[in-house]
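I opened a new page for this structure. I noted each thing I looked up, one entry at a time.

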Amino acid sequence: MRRTRRLLLPLYLMLGACMPVSHSDTPTRAANNIESGLPPMKVFSVPRPQAPVASNSDMARDFLDLAFSLESGRTLSTLTRFEGPITVTVTGAPPPSLGSDLTRLLHRLRNEAGINISAKSGGPANITIQAVTRADIRKYLPQAACFVVPNVSSLAEYKAHRRTPKTSWSRLTKREKLAIFIPNDASAQEIRDCLHEELAQALGPLNDLYRLPDSVFNDDNVHTVLTGYDMTVLRAYYDPSLKTGMTRSEVADRIPGILARINPQGQNVAPRRLNKTPRVWIDAVQTALGPGANPAQRRQAATEALQVAQAMGWRDHRLAFSHYAMGRLLQAVDPESAQDHFVLSQRYFGSSRDTALHRAYVASQLSAYAISAGRGDDALYLLTPHLDTAMRHENAALLATLMMLRAEALEMTGRTTEGRQVRLDSLGWARYGFGSDWAVRAKLREIGSLNPIRRRNGGL
């Protein structure tokens with residue numbers, strides 16, 4: 001399917017690799033170290049979270065919809081959370097990167113969300129993170145990269161109690177023990193992303209909402225590490241004035257006061273009051289970008305999603321996302337139309353801080369198009385502002401891709417030495433983001449093939 005003419009940089013981001021499991025009550029993150037001749041893997045150090053930009057009025061509504069529904073749409077009658085200190089242990093065969101990423105995440109949860117959570121080196125714990133193979137995970141949820149289950153501590157225990165009330169989130173009345181299953185043979189970034197999303201749902205909300213632009217609690221999978229918005233939601237979730245067993249109306253009475261106290265800046269932000277996302281749009285997006293459909297069916301589903309977005313009168317990130325999905329699926333058959341949809345996507349994502357990461361993804365597509373057309377200066381203009389965005393959001397796969405694109409653009413504009421250095425610098429991030437050497441080298445070849453000079457000279 002890959003072409004070397006015009007724009008054909010596939011959407012490598014989490015949309016394609018990690019789509020959600022449709023109509024499931026099991027919170028998941030859907031699917032996307034060996035000696036290496038490449039530079040050492042780079043890792044992120046100090047987190048750079050930003051406070052949410054949402055109004056507290058919107059956040060109160062979001063909190064209730066997140067806490068009292070499952071991803072399938074099924075409602076929950078009461079709030080459940082851990083009461084008291086929370087312990088976390090790791091079992092199975094964890095890869096080297098897991099330990100440091102988990103330590104950083106637990107530190108953030110303690111400091112940003114105020115949750116009393118700590119690692120435990122052995123013995124039973126409240127939350128068990130079991131590192132298993134992707135094949136093991138897909139025996140139970142074929143479309144999932146990772147998932148979380150209540151009242152078990154191992155995959156074997158889950159197998160024994162699968163499809164019973166014990167492992168049902170809808171029948172859960174309190175949280176005391178649960179397990180997170182993550183792949184140990186994926187890239188470091190995918191493993192880290194699973195840690196963030198599944199641990200957040202193990203602790204708090206079990207639902208995802210497409211109307212949230214700045215959150216991992218969104219099935220578009222654009223955000224892969226917990227945002228400032230997410231930490232505020234989790235801080236509210238563990239506020240002393242809430243407790244397990246409260247009804248939606250009881251929480252609704254308390255949540256405005258909680259948010260006013262923990263997020264005072266949100267009191268002065270005007271609410272957007274985005275309408276709910278209809279199931280028909282969700283289903284269309286999941287068909288378009290998830291597994292199981294053929295190319296024609298995907299394009300038809302993307303067309304339906306765009307039509308629904310337009311009929312709903314949206315002018316927010318969901319309309320932008322609809323154009324983005326359309327552009328992605330048209331790349332192989334109509335690159336010019338795909339480019340038009342990416343331009344519209346960038347326009348509707350706007351200039352708000354909460355869609356900065358979305359715009360960085362679109363910029364990778366637009367700059368790839370510019371490179372394939374021989375417009376190196378345009379590509380540099382398009383992608384350079386987004387390098388810091390990728391770094392801030394700790395997205396190594398996106399950062400490496402933008403850097404590789406920048407390297408091609410620099411060489412096209414005569415800055416060969418600088419381009420080679422940028423490409424070399426990208427490899428450490430690519431090892432974290434894409435994993436194996438072959439995946440890193442494939443990404444290099446893919447992006448290098450966009451360069452018309454390389455194509456004329458027979459490739460890399």
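**Entry: the disulfide**

Is the link of C146 and C194 left-handed or right-handed? I looked up the angle about the S-S bond and found -85°, so the link is left-handed. I keep in mind that this is a predicted model.

I then searched the whole structure for disulfides. The search gave one. C146 and C194 form it, with their sulfur atoms 2.1 Å apart. I used a cut-off of 2.5 Å between cysteine sulfur atoms, and the pair falls within it.

Where do the two cysteines lie? I placed C146 in strand β5, which covers residues 144-150. I placed C194 in helix α6, which covers residues 188-203. The pair therefore ties together parts that are 48 residues apart in sequence.

Next I checked whether solvent reaches them. C146 has a relative accessible area of 0%, so I put it down as buried. C194 also comes out at 0%, and I put it down as buried. The cut-off for buried is under 20%.

**Entry: G92**

I turned to a glycine. G92 is found in strand β2, residues 86-92. Is G92 buried or exposed? Its relative accessibility is 53%, so it counts as exposed. The cut-off for exposed is over 50%.

Which residues does G92 touch, leaving aside neighbours within four places in sequence? I found Q130 and A131 in contact with G92. I also looked up a distance to T128. That residue is 36 residues from G92 along the chain. Their C-alpha atoms are separated by 9.9 Å.

**Entry: the whole chain**

I counted 19 helices and six strands.

The C-alpha atoms fill roughly 65 × 50 × 40 Å.

How much of the chain is buried? Of the 460 residues, 58% count as buried. The chain exposes about 18100 Å². Carbon and sulfur atoms supply 51% of that area.

Last, I looked up the charges. The chain has 57 positive and 42 negative side chains. The centres of the two sets lie 2 Å apart.

Definitions and conventions:
Residues are numbered from 1 along each chain as its sequence is written. This is a predicted model: local features need pLDDT of at least 70, side-chain atom pairs count only at pLDDT 80 or more; totals for chains, interfaces and linings use all residues. Side-chain values use heavy atoms; hydrogens and water are left out. Helices (H or I, at least four residues) and strands (E, at least two) are DSSP runs, numbered from the N terminus. Buried means under 20% relative accessible area, exposed over 50%, partly exposed in between (1.4 Å probe, protein chains only). Accessible areas come from the Shrake-Rupley method with a 1.4 Å probe; for residues, only the protein chains shown count as cover. Lys and Arg count as positive and Asp and Glu as negative; His and the chain ends are not counted. The place of a charge is taken as NZ of Lys, CZ of Arg, CG of Asp or CD of Glu. Contact means heavy atoms within 4.5 Å.
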